[in-house]
Amino acid sequence: MKGQDKVYDYIIIGAGVIGSCIARELSRYQLKVLVLEKENDVANVQSLANSAIVHSGHNPEPGSLKAKLSVWGNKLYEDMEKELDIPLIRTGAFVVAHNESEEQQLYDLAETAKINQVPEFSILDYNEAVIIEPNLSKTITKVLSLPTTKVTYPWEVAFAAMENAIKNGVEFKKNALVTAITKENNKFQVTVNNKEVYETLNLINAAGVASDDIASLIEKNVQFKIKGRKGEYFVLDKRVKGFVNHVLYPLPTELGKGVLITPQVHGEILLGPNSLEVEDKYHPTTSYDGLAYVKEHASMLAENIPFNQIIRSFAGIRSTSDYDDFYIKESLEYKNLYHLGGIDSPGLTACFAIAKYLVDDVMNVNQKYDINPNFDPYRKKRKLFHRLSSEEKLALINEEPLYGNIICKCEKITEKEILDAMHGPLGSNTIKGIKKRTRAGAGLCQGGYCEEKIMKMIAKEFNLSPLEVAYDKEETKLFVSETKVKL
């Protein structure tokens, strides 16, 4: 059946950081835009599990889209921090060398940075670098310093962009798996969950690891093939904050940027990822061998890594393609169908630039549609209770007593903040959704203290039985059945 009577100007398939940024960019124009996401939340696949780095642009092949869009994207984050209230820390980065052979590769990488117009970089001897980062491995001889490198919070980037897009008129549907695509009379018919059909004049495929599968629903000869590449990580508790303050890279290889040590915006430190091509690109899992590899190679970057402060491990899949660059093109078979394939690293770095490049240079939207006179680029700043002064906290509690009830002790997240996350523009009724929006459950105990409290809050706010509360996807219910029943 038809999902609605109206025809959309654009439908975007996928609500990771790329799809969310495209939605926001399109909301600058007078358009009807719909975003379809198969998951139960925004940023739930590739955008969920990555290193969170806004790279300088030092590594991509000169002249490539990756090179152009990563340097541009790095600069755009300065504006997006102000407009969208995106968390950003300006860590800088060190790429390290351990011997004369690697030092030559470091100089070659510096030349690439120069060609790519990275605005700042320099080569430092170990004795200079160790003053800045005292825990650098003693086997390091030189580093390439990249001051424009930053770290953000990927989930928040996607949430911010999508919330702003919705504010400016974009529609969003989750749990909307695209199962068929056809084109008739210059309109695409997009079938969701084998039943609802939505019509659009233009279709954008930003489905990440599924982008080639989406393309194959309508095209006979898909021009790119996604190869799932798994990366595994450790998370060090925020008590180790300051162990390193720069992102530490090894020299890049054909498999990627290698195992990194990366400070995070909330104080934790990530170790990883490794890089392993996998057949199953939808179900990432950690492995003993993979995590052992991460430990071994992280130890080549820093001395005395506090592995005893690991609070969790996780894995993610990157959508690497057989096309040796970002694939951002109109379909060769269908006019007004656009594919974004192989948006792996530096995809997070380039996300805002990718959106502008697609909208302005590939689709030429600015030449076809009028500007939205009501477009507002700003997202309202959130009050993070734990970062306020004692006086500010007391004033908030007097205004709203629920700020005085701490639900997550590790991250100091209040009842009011959790309720706001449930009922915001991208509200959520899942445990993981609340964790992504507030960090409740992301601390040392990993939800051991607060998860039950959050479950009860969700059940109460959405009039659900505890048996109906999900951890993440609709089928991931926390409980199978009651074991104790009050008679």
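Contact here means heavy atoms within 4.5 Å, and helices (H or I, at least four residues) and strands (E, at least two) are DSSP runs numbered from the N terminus. This is a predicted model, so local features need pLDDT of at least 70 and side-chain atom pairs count only at pLDDT 80 or more, while totals for chains, interfaces and linings use all residues. Residues are numbered from 1 along each chain as its sequence is written, and side-chain values use heavy atoms, with hydrogens and water left out.

**View 1. Helix 5 and its packing partners.** Twelve of the 14 residues of helix 5 are buried (under 20% relative accessible area, with exposed over 50% and partly exposed in between; 1.4 Å probe, protein chains only). Among them are Trp155, Phe159 and Met162. These buried residues pack against helix 1 (17-26), strand 2 (33-36), helix 2 (65-84), strand 8 (171-173), helix 8 (347-362) and helix 11 (431-438). Just past the helix, Gly169 has a positive phi of about 110°.

**View 2. Lys142 in strand 6.** Lys142 counts as buried, at 15% relative accessibility. Its side chain makes a polar contact with the side chain of Asp125 at 2.4 Å (N or O atoms within 3.5 Å; within protein, one able to donate a hydrogen and the other to accept it, and residues adjacent in sequence counting only if both atoms are side-chain atoms). Other residues touching Lys142 include Val95, Glu103 and Tyr107.

**View 3. Cysteines without a disulfide.** The structure has zero disulfides (cysteine sulfur pairs within 2.5 Å). The sulfur of Cys445 sits 3.7 Å from that of Cys410, too far for a bond. For Cys450, which is buried at 1%, the nearest cysteine sulfur is that of Cys408, 4.1 Å away.

Terms used: Lists of a residue's contacts leave out its neighbours within four places in sequence.
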